[in-house]
Amino acid sequence: MQPTVGGPEPASDASGVGPAEAEAGRWAWRRGWCIRLYVAKHDRLLSRILRGTSDANIPFNQLRHLLRRLGFDERIRGDHHIFTKEGVEEILNLQPKGGKAKPYQVKQVRVVILKYRLAGGANEE
């Protein structure tokens with residue numbers, strides 16, 4: 001039995017599931033829920049970048065996480081975050097500006113994602 005948000009925690013049921021097993025199941029369910037939220041957040045950010053309508057409002061840390069999820073390696077030199085990926089000629093050099101990514105750098109990321117079809121086909125134009 002999976003708990004509902006805001007509802008009571010499940011008690012040990014007639015199947016013999018004790019408190020430890022119930023606890024493990026609850027955390028597994030919560031972990032799965034968190035993973036689904038992370039994937040949805042990743043997909044929304046990718047869609048925003050590919051649309052190109054809000055380049056000035058892309059959070060820098062979310063852009064970093066997206067690039068790492070797409071398989072890029074990250075090196076940091078001062079405030080420069082340098083992303084490389086085998087099979088991608090371009091080197092992406094990003095710097096934050098007030099917690100946001102710079103709009104022209106978001107455009108560079110979009111061009112690379114589209115050029116190398118890194119979006120997985122679901123969000124490509």
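Where does Gln 95 lie among the strands? Gln 95 sits in the loop between strand S3 (92-94) and strand S4 (96-97), where helices (H or I, at least four residues) and strands (E, at least two) are DSSP runs, numbered from the N terminus.

## Basis of the model

This is a predicted model, in which local features need pLDDT of at least 70 and side-chain atom pairs count only at pLDDT 80 or more, while totals for chains, interfaces and linings use all residues. Residues are numbered from 1 along each chain as its sequence is written, and side-chain values use heavy atoms, with hydrogens and water left out.

## The sheet

Three strands form an open sheet in the order S1-S2-S3, with antiparallel pairing; two strands count as paired if DSSP finds at least two bridges between them. Its edge strands are strand S1 (73-77) and S3, each of which pairs on one side only. From one strand to the next, the twist averages 25°, where axes are lines fitted to C-alpha atoms, for helices over the stretch in contact, and angles run from 0 to 180 degrees between N-to-C directions. Strands of a sheet pair through backbone hydrogen bonds, either parallel or antiparallel.

S1 and S2 run antiparallel and are joined by five bridges, with Arg 75 having Ile 82 in S2 as its bridge partner. The hairpin of these strands, S1 and S2, has two residues between the strands, and Gly 78 there takes a positive phi near 65°. Between S2 and S3, which also run antiparallel, there are three bridges; His 81 has Leu 94 in S3 as its bridge partner, and Phe 83 stands opposite Leu 92 in S3. Helix H2 (residues 60-69) lies across S1, S2 and S3, running at about 20° to S2.

## His 81 in strand S2

His 81 has its place in strand S2 (residues 80-84). With a relative accessible area of 10%, His 81 is buried; on this scale buried means under 20% relative accessible area, exposed over 50%, and partly exposed in between (1.4 Å probe, protein chains only).

The side chain of His 81 is joined to that of Glu 74 by a polar contact of 2.7 Å and to that of Arg 64 by one of 3.5 Å. A polar contact is a pair of N or O atoms within 3.5 Å; within protein, one must be able to donate a hydrogen and the other to accept it, and residues adjacent in sequence count only if both atoms are side-chain atoms. Leaving aside residues up to four places away in sequence, the residues that His 81 touches include Phe 60, Ile 76, Asn 93 and Pro 96, where contact means heavy atoms within 4.5 Å.

Gln 95 is buried, at a relative accessible area of 8%. Its side chain makes a polar contact of 2.8 Å with the side chain of Gln 105, and another polar contact, of 3.5 Å, joins the side chains of Gln 95 and Lys 102. Not counting residues up to four places away in sequence, Gln 95 also touches other residues, among them Phe 60, Asp 79, His 80 and Tyr 104.

Arg 117 lies in the segment after helix H3 (103-115) and counts as exposed, at 62% relative accessibility. Although Arg 117 is not a glycine, this residue has a positive phi of about 50°.

Elsewhere, Lys 85 lies over the face of Phe 72, at 5.9 Å from the ring centre; a charge sits over a ring if NZ of Lys or CZ of Arg is within 6 Å of the ring centre and within 35 degrees of the ring normal.
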